[in-house]
Amino acid sequence: MISRKRSTTLSAGLLTGLCLAASAPGIPATAASYPVKRAALTRSPLYTSGRLPAARCPEKPVTPGSVASAKRYVLPLLDCLGASWKTQLAKARIRFSEPGVQFITRPGRVCGHSWPKNAQGLYCPSQRRIVIMLDKHLTRQAEDLFLMDVIAHEYGHHVQNLSGIEAAFNGLAYRGKPEYYEQYRRLELQAECFAGAFIGSVWDSLDRTSDDWDYLLEATRESGDERTKVRDHGKGRTIANWLSRGFKAAGPGACNTWGAGAAMVASAPA
Ligand SMILES: [Zn+2]
């Protein structure tokens with residue numbers, strides 16, 4: 001087993017963004033916790049669809065710093081994600097379609113939105129498109145599992161879109177910024193859990209050691225709302241917890257963030 005070389009420093013943050021409302025509503029804040037009761041979110045058939053297929057998805061070699069090499073790594077990975085989630089959605093009786101894919105190397109306007117600060121990936125729900133920012137930050141650490149996590153996370157948003165979860169999220173009422181952000185974190189943490197589930201399902205076909213996985217978890221703990229100062233993804237430990245839960249279960253049944261208690265979807269302290 002070859003352990004791939006790692007970046008010498010921890011990732012500056014596993015910061016992935018979802019193309020949704022750029023600004024939170026200007027309604028007075030309240031301090032309660034907010035259970036989500038919508039069945040499309042809390043009782044999705046995805047949660048009882050079992051494990052993802054134990055598929056083979058060997059990683060392509062990738063040269064750090066090379067955009068072309070990163071693309072050659074990502075495209076077959078997207079094929080693996082598509083094959084696995086297509087099978088899974090069929091089990092849950094949800095119609096599948098492939099997402100579009102776009103690579104960019106610098107921030108700009110994407111699907112009508114400004115590129116979110118520090119994001120490496122974005123999902124555009126209306127166009128069903130995954131956009132990946134192959135900038136130096138991402139390509140330099142292309143040998144780490146970080147790149148796979150970014151791609152699998154954005155694919156997780158695509159799964160949320162196909163399964164009606166994202167539409168149900170958009171229809172949720174909220175009574176202020178804290179509640180809105182908590183709902184948003186449930187969406188983001190679920191995408192991260194789906195990423196973990198996929199990585200867990202193909203893990204045996206990867207030329208990776210447990211150190212590689214631990215490194216990703218550690219980098220994830222170092223990321224999150226503590227760094228961005230926006231309470232929309234969860235604190236680093238919260239994100240790592242859902243990534244780990246998905247990985248261990250290797251299926252979306254572990255990813256019902258909508259039914260989880262407030263502590264499970266916590267952000268950084270204000
Ligand atoms: Zn996201």
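Leaving aside neighbours within four places in sequence, which residues is S44 in contact with?

## S44 and the ground rules

S44 touches A39 and I165 once those neighbours are set aside, where contact means heavy atoms within 4.5 Å. This serine is found in the loop between helix 1 and helix 2. Helices (H or I, at least four residues) and strands (E, at least two) are DSSP runs, numbered from the N terminus. S44 counts as buried because its relative accessibility is 4%; buried means under 20% relative accessible area, exposed over 50% and partly exposed in between, with a 1.4 Å probe and protein chains only.

Keep in mind that this is a predicted model, in which local features need pLDDT of at least 70 and side-chain atom pairs count only at pLDDT 80 or more, while totals for chains, interfaces and linings use all residues. Residues are numbered from 1 along each chain as its sequence is written, and side-chain values use heavy atoms, with hydrogens and water left out.

## The zinc site

H153 (NE2), H157 (NE2) and E188 (OE) coordinate the zinc ion at 2.0 to 2.1 Å. Donors here are N, O and S atoms within 2.8 Å of the metal (3.2 Å for Na, K and Ca); water is not among the atoms, so sites may look incomplete. Along the chain, the zinc donors follow the spacing H-x3-H-x30-E.

## Salt bridges

The structure holds 5 salt bridges, each a side-chain nitrogen of Lys or Arg within 4 Å of a carboxyl oxygen of Asp or Glu. One of them pairs E59 with R208, the closest N and O atoms being 2.8 Å apart. That pair links distant parts of the chain: E59 sits in the loop between helix 1 (39-42) and helix 2 (67-91), and R208 in the loop between helix 6 (177-202) and helix 7 (210-221), 149 residues apart. E59 and R208 are both buried.

R186 and E182 also meet, at 2.7 Å from N to O. These two lie in helix 6, 4 residues apart, or about one turn of the helix. R186 is buried at 2% relative accessibility, and E182 is buried at 6%. Then there's R175 with E179, at 3.0 Å from N to O. Here R175 is exposed, with a relative accessible area of 52%, whereas E179 is buried at 6%.

## Nonpolar cores

In soluble globular proteins, nonpolar side chains tend to be buried together. A nonpolar core is a set of buried Ala, Val, Leu, Ile, Met, Phe, Trp, Tyr and Cys residues joined through side-chain atoms within 4.5 Å. The largest one has 65 residues, and L46, L81, W85, F198, W213 and W258 have the most contacts inside it. Helix 6 gives the most to this core, with 12 residues.

Setting aside residues up to four places away in sequence, W85 touches L52, F96, Y155, V159, F194, F198 and P252. A second, separate core of 9 residues includes V110, A119, L122 and V131.

## Helix 2 against helix 4

The axes of helix 2 and helix 4 come within 10 Å and cross at roughly 35°. Axes are lines fitted to C-alpha atoms, for helices over the stretch in contact, and angles run from 0 to 180 degrees between N-to-C directions. The residues making the contact include Y73, L81 and W85 of helix 2 and M148, Y155 and L162 of helix 4.
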